[in-house]
Amino acid sequence: MEQGRSHGCKDCGGSYILLRDDEDPRLARFNRRLPCFGCGIGWSSLLLGFLCPLIWYCAAILYLCKYYDNDPRERSGLAASAMAALVSTIVALITLAVIFL
């Protein structure tokens with residue numbers, strides 16, 4: 001067996017081909033770019049949240065409402081934004097407790 005050759009394809013000429021199934025168009029569902037310059041809503045929210053932390057809470061709501069079911073590639077960014085919202089809430093509560101107690 002030669003390396004770099006596709007298996008069982010006589011018309012390919014030994015090169016790799018894109019996996020596609022005409023009967024199941026769901027395989028090509030994620031060929032499109034993510035929104036927000038290809039970064040995704042979650043990671044963009046995480047970065048913009050350092051300027052305005054309310055964005056983290058919006059992303060946390062999207063995460064809790066399972067927005068990532070539309071596109072599973074969004075899951076990690078939305079989860080990171082939800083964790084950032086949690087951390088900022090804890091820091092704010094500790095700060096308020098120190099100031100008022």
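The model is predicted. The chain has 3 helices and 0 strands, in the order α-α-α.

**Overall fold**
- The protein chain holds 101 residues, and 24% of them are buried.
- Among contacts with a separation of 6 or more, 51% join residues 24 or more positions apart.
- The exposed surface comes to about 8,100 Å², with carbon and sulfur atoms supplying 66% of it.

**Helix H3**
- H3 runs over residues 75-100 and has 26 residues.
- From first to last C-alpha, H3 reaches 37 Å, close to the 38 Å expected at 1.5 Å a residue.
- The buried positions of H3 are Gly 77, Leu 78, Ala 79, Ala 80, Ser 81, Ala 82, Ala 84, Ala 85 and Ser 88.
- Those buried residues pack against two helices, H1 (41-48) and H2 (54-64).

**Annotated transmembrane regions**
- An unreviewed UniProt entry lists residues 41-65 and 77-100 as "transmembrane region".
- How much of residues 41-65 is helix, and how far apart are the end C-alpha atoms? The chain there is 76% helix and 0% strand, and the end C-alpha atoms lie 14 Å apart.
- Residues 77-100 are 100% helix and 0% strand, with end C-alpha atoms 35 Å apart.

Technical notes:
Residues are numbered from 1 along each chain as its sequence is written. This is a predicted model: local features need pLDDT of at least 70, side-chain atom pairs count only at pLDDT 80 or more; totals for chains, interfaces and linings use all residues. Side-chain values use heavy atoms; hydrogens and water are left out. Helices (H or I, at least four residues) and strands (E, at least two) are DSSP runs, numbered from the N terminus. The expected span of a helix is 1.5 Å times one less than its number of residues. Buried means under 20% relative accessible area, exposed over 50%, partly exposed in between (1.4 Å probe, protein chains only). Contact means heavy atoms within 4.5 Å. UniProt positions are given in the numbering used here, feature names are shortened, and annotations may be inferred rather than shown by experiment. Accessible areas come from the Shrake-Rupley method with a 1.4 Å probe; for residues, only the protein chains shown count as cover.
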